[in-house]
Amino acid sequence: MFRMLTKTSVTLGSRAAGWVRTMGSHQLLVPPPEALSKPLSVPKRLLLGPGPSNLAPRVLAAGGLRMIGHMQKEMFQIMDEIKQGIQYVFQTRNPLTLVVSGSGHCAMETALFNLLEPGDSFLVGANGIWGMRAAEIAERIGARVHQMIKEPGEHYTLQEVEEGLARHKPVLLFLTHGESSTGVMQPLDGFGELCRRYQCLFLVDSVASLGGVPIYMDQQGIDILYSGSQKVLNAPPGISLISFSDKAKHKVYSRKTKPVSFYMDITYLAKLWGCEGKTRIVHHTTPVISLYCLRESLALISEQGLENSWQLHREATAYLHKRLQELGLQLFVKDPAIRLPTVTTVTVPAGYNWRDIISYVLDHFNIEISGGLGPSEEKVLRIGLLGSNATTENVDLLAKALREALQHCPKNKL
Ligand SMILES: Cc1ncc(COP(=O)(O)O)c(C=O)c1O
């Protein structure tokens, strides 16, 4: 097309030149890419990494529905249904519950940008990459960040956190429920109570655990909870769920300074999401199609029931652990009580290169698993059984793939 236009303008002389001028002041320097003339091609894969997971068929179908405007009443109805779905999966009655238009990191930043002001004391459980990321974001805000650094594979006790609270007098405590970089499930009972005693708000990241591990936002005294769409919920990545308790809302609404992010300013998002009466404001264009998908994934988990989903993950992951151990593989998290029922970390077997194992499983079985991340990099393989992927059939397939990988991948090639 580009070549044709140029040729025409040469043959037709000034007439064509005039025509070109009405279309724009310059000729195109960059032609349409050849690659885009080919049909879109996406391989068929079983996604057994720590996320994203495969989309449930009903969620995938929702992605093909027609667009409507993001400020139409039908869309508000869908947003209201999503809010109710989040209240169910979070087990909260917080009115300030909504979706942020961005991936899990965006929810993390939404929480921190809104809650922390420069100079605020912030206590972070850094036993994996997510606490480290929260610390980095808070440092950018100018908060006084106190990291409770632990070895990957470890968790926090009430006593350790109480020492931190007493010493640093933070306004906010951050813990990761499902530490997907290390495979640790952080117990949450008692921490909300503790925070209340020390007048500190309690923020929890449940991106990798929600729907697969019990969590009770209100009853566990969690003030801010966020999660992602692309793990147990089997929805597309790029949007995330968040809720603020009245206490957290009060802290945000009585800030001395405006949060530096306009996009993530919860006072605007609350109005866009109808959390403050019926009037909605135009703030940004929400990802309408992704919201349809999320609505369907929340409908699916509501129909299934949270307790059934938790049990399914616990059982499928226990079966995975058994199959891995039969292969002679070692689970990275030593204490069985704190192994995460959604993402399993396996110590890279001695003599093998983790990349070879992952590539073998992908090339020969079309199964995606992943290597370590942050402090677990080079140390582990990460396997996710997330939502509808948490089946014994998938575990059997993966066990077969891993057995072959261990037989065929070169040893001692480090
Ligand atoms: C526990 C946890 N928190 C936060 C994130 C960040 O989510 P996203 O990659 O969607 O930004 C992830 C992603 O894997 C995660 O597992």
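Helix 5 and helix 6 make a right-handed crossing, where right-handed means that the near helix is turned clockwise from the far one by less than a right angle, and left-handed means anticlockwise. This is a predicted model, in which local features need pLDDT of at least 70 and side-chain atom pairs count only at pLDDT 80 or more, while totals for chains, interfaces and linings use all residues. Residues are numbered from 1 along each chain as its sequence is written, and side-chain values use heavy atoms, with hydrogens and water left out.

**Helix pairs**

- Helix 5 (residues 104-115) and helix 6 (residues 129-141) have axes that come within 10 Å and cross at roughly 45°; axes are lines fitted to C-alpha atoms over the stretch in contact, and angles run from 0 to 180 degrees between N-to-C directions.
- Helix 5 is therefore oblique to helix 6, a label for angles that are not under 35 degrees (roughly parallel), over 145 (roughly antiparallel) or 65 to 115 (roughly perpendicular).
- Helices (H or I, at least four residues) and strands (E, at least two) are DSSP runs, numbered from the N terminus.
- Helix 4 (residues 73-90) packs with helix 11 (residues 288-304) at about 40°, their axes 9 Å apart.
- That angle makes helix 4 oblique to helix 11, and helix 4 passes helix 11 in a left-handed crossing.
- For helix 13 (residues 354-365) and helix 14 (residues 392-408), the axes come within 9 Å and cross at roughly 120°.
- Helix 13 is thus oblique to helix 14, and their crossing is right-handed.

**Ligand site**

- Around the ligand are S103, G104, H105, W130, T176, G178, S180, D205, V207, A208, Q230 and K231, each with a heavy atom within 4 Å of it.
- This shell divides into three nonpolar, seven polar and two charged residues; Ala, Val, Leu, Ile, Met, Phe, Trp, Tyr, Cys and Pro count as nonpolar, Asp, Glu, Lys and Arg as charged, and the others, Gly among them, as polar.
- An oxygen atom of the ligand lies 2.5 Å from a side-chain N or O atom of S180.
- For the side chain of Q230, the distance from a ligand oxygen to an N or O atom is 3.1 Å, and for K231 it is 2.6 Å.
- The protein covers 88% of the 390 Å² of accessible area that the ligand has on its own, by the Shrake-Rupley method with a 1.4 Å probe.

**Backbone details**

- G51 and P52 are joined by a cis peptide bond with omega about 5°, and P52 sits in the loop between strand 1 (46-47) and helix 3 (57-62).

Conventions:
A polar contact is a pair of N or O atoms within 3.5 Å; within protein, one must be able to donate a hydrogen and the other to accept it, and residues adjacent in sequence count only if both atoms are side-chain atoms.
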